[in-house]
Amino acid sequence: MPADRPTRDGQIGVHLRAEMLHSVVLVSTWPSGSKAWLAALRKALGRTLPKAVGDTEQFDAGLLLRVGPEEMLLVGEPGQPEVHELVASLRQQVSADIGSVLDLSHARCRIGVKGEQAVATLCKLYALDFRAAAFPSQRVQLTAQHHVPCALHRTGDKSFDAYVLSTYAREQLETFADAALEHGVVLHRVASE
Amino acid sequence: MLFDGKPLHGFQGDTVASALLARGERVVARSFKYHRPRGILSAGVEEPNALLTLGQGATQEPNLQATMLELQPELEARTQNAWPSVRFDLLSVNSLFSPLLSAGFYYKTFMGPTRRSWMFYEHFIRRAAGLGVASIEPDPSRYDWQHDFVDVLVVGSGPAGLSAALAAARCGAEVMLVEQDFEAGGSLLAQPSDGAQGAWLATMLGELSGSPKVRLLTRATAFGLYDGNTVGVLQRAAPGLADAEHGVPRQRLRVVRAAAVLLACGTIERPLVFAGNDRPGVMLSSAVASYVNRFAVLAGRRAVFATSNDASYGDAIALASAGAEVLLADARADARPELLAAAQRAGVEVRLAATVSQTRGWQSISSCQLVPFDLASGCVTGPGNWQAVDLLAMSGGWTPTVHLSSHRGVKPIYRSDIACFVPGAMERNQFCAGAMMGTQTLGEAIADGWRQGLLAAAASGKASSNVNADQAGGDCPAPPEQEFGSTAFAALPPAGPRFRRGAGKAFVDFQNDVTTDDVDLAHREGYESVEHLKRYTTLGMGTDQGKTSNLSGLAQMAERRGVEIPDVGSTTFRPPYTPVTIGALAGRNFGAHLQPVRRTSMHDWHLANGGQMMEAGLWMRPLWYDSHGADLANAYRAEMDHVREQVGIADVSTLGKIDVQGPDAAEFLNRVYVNGYAKLAVGKARYGFMLREDGMVLDDGTTSRIGEFEYFMTTTTAQAARVMSHLEFLLQVVWPDLRVTVASVSDQWAAMSVAGPRSRELLQAAFPELDFSNEAIPHMGLAHGTLDGELGGVRIRVIRLTFSGELAYEVYAGTHHGQKIWDHLFAVGKAFDLQPYGLEALGSLRIEKGHVVGSEMDGRTTLEDMGQGRMASQIKPFWGDALRRREELMREDRATLVGLEALDPAEAPNNGAILFFAEDEIKGHGRGHITSTTYSKSMGKAIGLGLLQGGLAHVGKEVVAASPVHGRQYRLRVVSPLFLDAEGERYRG
């Protein structure tokens, strides 16, 4: 896949960036354990958690995405704790009888989509209402393209992070690039699976 | 552009139709069945005649309406359904046989002498009759599709649509306004652009295009209205913009989800039905005006307008003002004085109580007969006279475009006062406005559009339900003066045999060559309901879907039956409103993007090392490696040998992997699997089956206990998603009280199976951090650890289990580390002659061990069928246990798993071959079938697994495997499915 595909008149409307992730930890529980689990997680992370499904909060340990009523995904960046440290520290509060802590660092890749035509590109792939009122910045939506699941995090008006399954990541990147082609697209960095 | 290979010139804004008319082209098509010469009838989407083929070769696209095609330099169009040309078409010989080619002719004539005869005739019939020809080459054009969300979607940019869009936008609603034409304006485009209506249009478009709330899409046809206010919109690229190389599509399918949908689809003018009404030069009245006012084209210089409504006066005056000699025959006995005065001023001669009865002409009209006419009785009241003409403009009233409203199953309602169907009560948040609802004047249409626009905005949540002018930012812009009025919905003149007898064919449906005789015949033969009429005569079928013909057909049938039109009913309109290309429906989802491709960590390694990849579900997996043989048969046998004799490695990352955690995880697994898991020790793995609720086998796999409350489940590749979904269902619906979580970790772990007598040695050398001794990792044992050295920090998980029957281990590492571990194993494995093996060898090795896979667990088999009934626990309940005991599933003569060996070692039967006893007649479904076969070097013959009635009770019996598809039969013997190492000495190591 060429890294640089401008439009006929040289425009670039979309910047794509694919990367493996420093750490991803899924913290979850069962319906009856929700209350204790939230309390434990709040204690582990030190402050208020995302309230509703789709909300996100930034913590020292990483970005916390509430992807289900009893499921949160903690995504860490380089410089933040290593995944095994993160799992261990979360486990101190979220004990096995309270909930589950699962390393998914290898199970997700991130595709960054940024630019004037980011929304125009993504609306080809996902049946989501991208208008600001329906999908404001810092919200995450669970969606799918061709049945391939994706947690799409809006990081700004014209920027998104798509968390996709690792084994589909290369295919998804090609799909994103193809969808963005008419707007002009640059692939900034492709990290192998 | 090129038209039939010759240059066709025009102006920007022309359609191909307007350019052809300007050049004086009359015959532009041949009719479907009789190959009669046909000209341009209309100026819009309703055009039934002027269908052209665009492009050549791979880009060829047939049946495009000249009236909708924008003239552009690079266009290459040609006529179709004629040979050698539309002017001189030898196939017009069909007309000579027209008395034979009545409705139902094919059904009655070509049904014998055998049932297969139609297949023979069809080839010739399709060549002689039909439309254009589609290309069978791959289309190189780019197509795309996308999702849109809006508050209010307005369909149609005529007067009502424009005012509706403005009203909704002023209320704060985000509006998408779609227009199928390449210019917005609808019927206003057919009016003089320098008149009051043109000025009003310019004002409206100015405000709408300046509003940040409005998206105006031209060249965008709303072709279907679906559930939940979802509308399919096909948008065509503007001339010169499509660029496949740069990803710019020629067509884009938009899936629009709107909080409120407002239809302002307008009306379509109806032709009159009289003898010779299909001659080139016979056009719709409004089309004539449209060509004059919008395209500055005179469709004729000596014209007769035959009408029964006011609107044609304006059309006739427009043509007369442009220099034509015009006579207007109004079927009504009276007309408004101001109309008559305006006509007189423009030099239009008006004859009241008169209409046209027939036409003459060779390839186009040369004269028409006008007759005195009584509209009330539908009778000709005196002798007619012939008028020399080169244009006959007709108007039989107007038909509301109710197609989209009908897509939701809303039956149109007949309004006898205006002799047409209008939309019935729409679903919630759906609105209709303007002429399609029967408004009679421009002012009414605009006011109705405004009112419905406000309601749509309120329905979308952007305005209160009783919105006022202040909230809407003022009133609707005042409608322009309408000089000629528009009481356009006139009563239909009866379709008339009284005009036609002995004078030639009178067409009801131009595109399908359906005449009044055909409708009469359908009536005589009992096809009286509208749906029967349609199917018997093909009335209303084809690319135009009867836009100009439906009501005329209904009117005639109603008259023959002596009932009112609504008693005949109306046909059911279904999407699409206009044809949609397959390319647009597919969008970008073809070729490399047809479906997602799932790759393992080692995908590139497989490609670089001769892996011959195959699709396994969405995964790409190496079937075999060409380094082991020139073809599949040789390679997989070599790979099998290597596993049996040395050590091999297979990429099994595709296995489904599920993390199960929680205090009740053991209990959960105990209920899910047929065998016991409650007492599985930490560090141990267990093989088990799980059933569906109906007692059939769902899947098999191994689950390991990682910790007290943590398990690692593997599933087959094919059933990974199904099992995950099954587990979630059980937890959420059946046993919500269990404190368990499940999560797919299929993407987290790369997995490789290291199998063969030397596998332990290899792994011990590769991972000295772990102890691979029999004591440390026994069969079905588990170990994990963190590696040192170059692989420092990489955590691996090892489970000792076998699929091949050899001493074998599954090695798991994080997906991003998979390639590193694979490379490391090969580096260390050089000393052990480590070789990769593919899916074919993997499958063959398991057949030798009698292990079942999806071929055997095909959704119709039980645990007992698999010979695994003893695995089911007798002391604990499990999912599917109750229904697996159904009488039918416990029958002793069910087909159960057996081994099969070829009696002729050289012959390998096919999977799926049907099993018979040697004494059976080879017929029907037999006694079972072969599920898997391979050649076994160990056995020196072809072997297989199969499902045979009575199963192992027939061990030693000879059976015949018949493969009707291949026309072959094989002699086999029934044996145990465990071909190799029955004691398990090899894998116990």
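Let's start with two strands in chain B: β47, residues 958-963, and β48, residues 968-975, pair in the antiparallel sense over six bridges. To find one of those pairings for yourself, look for B:Val960, whose bridge partner in β48 is B:Arg971. Please keep in mind that this is a predicted model.

Which strands close into the barrel? There are six of them, all from chain B, in the order β43-β46-β45-β44-β47-β48, and the pairing is antiparallel. From one strand to the next, the twist averages 45 degrees. There is a helix to look at here too. Helix α23 of chain B, residues 839-849, packs on the sheet and touches β45 and β46. The direction of α23 makes about 110 degrees with that of β45.

Is B:Ser936 buried or exposed? It counts as buried, because its relative accessibility is 0%, and the cut-off for buried is under 20%. What does its side chain reach? The answer is the backbone nitrogen of B:Met939, at 3.0 Å. Leaving aside residues up to four places away in sequence, B:Ser936 touches B:Glu848, B:Lys941 and B:Ile943.

Next, the nonpolar cores. In soluble globular proteins, nonpolar side chains tend to be buried together. Here, the largest nonpolar core has 71 residues. The members that touch the most other members are B:Val16, B:Ile40, B:Met283, B:Tyr291, B:Phe305, B:Leu319 and B:Leu392. Helix α7 of chain B, residues 311-321, gives the most to this core, with six residues. Apart from that core lies another, of 42 residues, and among them are A:Leu104, B:Val652, B:Ile706 and B:Trp749.

Not counting residues up to four places away in sequence, its contacts include B:Met1, B:Leu8, B:Leu52 and B:Ala66. B:Glu70 is also one of the residues that B:Val16 touches.

Finally, let's see where the two chains meet. How many residues does the contact take from each chain? It takes 46 from chain A and 52 from chain B. Between them, chain A and chain B bury about 4100 Å², with 50% of it on carbon and sulfur atoms. On the chain A side, A:His106, A:Arg131 and A:Thr167 lose the most area to chain B, and together they account for 17% of what that side buries.

Key
Residues numbered from 1 in each chain as written. Chains lettered and ligands numbered in written order. Predicted model: local features only at pLDDT ≥ 70, side-chain atom pairs only at ≥ 80, totals over all residues. Heavy atoms only, no water. Core = buried A, V, L, I, M, F, W, Y, C linked by side-chain atoms within 4.5 Å. Buried < 20%, exposed > 50% of the residue type's maximum accessible area, 1.4 Å probe, protein only. Helix = DSSP H or I, 4+ residues; strand = E, 2+ residues; numbered from the N terminus. Contact = heavy atoms within 4.5 Å. Polar contact = N/O pair within 3.5 Å; in protein donor to acceptor, adjacent residues only side chain to side chain. Pairing = 2+ DSSP bridges. Axes fitted to C-alpha atoms, helices over the stretch in contact; angles between N-to-C directions. Buried area = accessible area lost by both parts, 1.4 Å probe.
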